[in-house]
Amino acid sequence: MAKIKLTKNEQKVQKDALKMYKRYLPTLQLKKQQLQTEIRSIDAKAKEVRAARVALEKEFDQWIAVFGEKDAFKPEMVTVKNIKKGWGNIAGVNIPIYEGADFGRGDYDLYDTPIWIDMAADRMEKALSLDLEAEVLDEQVRLLSQELRTTTQRVNLFEKVKIPETKANIKKISVYLGDEQVAAVVRSKISKKKLQAKLDAAKEAES
């Protein structure tokens with residue numbers, strides 16, 4: 001605990017600081033709760049997207065197997081050309097929003113490849129889009145988790161350090177000023193008694 005001045009001015013400074021901490025703490029606590037809720041929600045959504053991706057891949061493998069020409073489709077036939085992202089804001093944190101992607105298709109001979117290749121490419125685009133969406137959701141969680149750590153540190157600082165410390169400082173100053181006031185009263189009474197004694201002595205001498 002830093003050394004403080006035991007004065008009325010310092011007492012006011014400490015009381016003002018305590019008011020500020022108590023005013024901002026509920027806002028920080030609310031922000032912490034909001035971030036925790038959003039992180040859980042986004043994390044759940046990311047799991048749903050990945051589950052959809054796994055289901056699509058399973059369906060895709062079964063679908064291709066029906067044609068008996070699984071090797072005819074190559075994953076490199078579909079490539080990501082551009083990822084579209086917007087921006088949102090949660091609890092003061094800017095986060096990316098997945099808005100889709102542009103895909104490219106490799107050149108392949110329409111006569112030498114099965115008729116279902118285009119349909120397979122469509123499904124591959126859906127799978128890649130789900131992967132990209134999950135990655136953006138992961139980035140959202142990362143950014144919000146980073147802000148949550150900072151906010152939690154501030155909440156702990158206010159709750160466990162600043163508020164108790166300031167209350168202790170106010171109490172210390174109040175006790176000191178109270179003692180000083182009592183001491184001043186005692187000194188004043190002693191001075192009055194001494195003065196009275198002198199006056200009494202002077203009167204006796206005159207008489």
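## Contacts of Leu 177

Leu 177 touches Leu 6, Thr 7, Lys 8 and Gln 11, not counting residues up to four places away in sequence; contact here means heavy atoms within 4.5 Å. This is a predicted model, in which local features need pLDDT of at least 70 and side-chain atom pairs count only at pLDDT 80 or more, while totals for chains, interfaces and linings use all residues. Residues are numbered from 1 along each chain as its sequence is written, and side-chain values use heavy atoms, with hydrogens and water left out.

Leu 177 lies in helix H2, which spans residues 117-206. Helices (H or I, at least four residues) and strands (E, at least two) are DSSP runs, numbered from the N terminus. Between Leu 177 and Lys 8 there are 7.8 Å in space, C-alpha to C-alpha, although the two are 169 residues apart in sequence.

## Gln 11 on helix H1

Gln 11 belongs to helix H1, residues 8-67. With a relative accessible area of 15%, Gln 11 is buried; the classes are buried at under 20% relative accessible area, exposed at over 50%, and partly exposed in between (1.4 Å probe, protein chains only). Apart from residues up to four places away in sequence, Gln 11 touches Ile 170, Ile 173, Ser 174 and Leu 177.

## Nonpolar cores

A nonpolar core is a set of buried Ala, Val, Leu, Ile, Met, Phe, Trp, Tyr and Cys residues joined through side-chain atoms within 4.5 Å. The largest one has 18 residues, of which Ile 42, Ile 90, Ile 95 and Leu 144 touch the most other members. Two or more residues of this core come from each of H1, strand E2 (93-105) and H2. H2 gives the largest share, eight residues.

Ile 90 is in contact with Gln 34, Glu 38, Ile 42, Ile 95 and Leu 144, leaving aside its neighbours within four places in sequence. A second, separate core holds 15 residues, among them Phe 60, Ala 101, Ala 120 and Leu 128.

## The whole chain

The protein contains two helices and two strands, and its elements run α-β-β-α from the N terminus on. Among contacts with a separation of 6 or more, 77% are between residues 24 or more positions apart.

Of the 207 residues, 32% count as buried. The accessible surface comes to about 14,400 Å², and 54% of that belongs to carbon and sulfur atoms. Accessible areas come from the Shrake-Rupley method with a 1.4 Å probe; for residues, only the protein chains shown count as cover.
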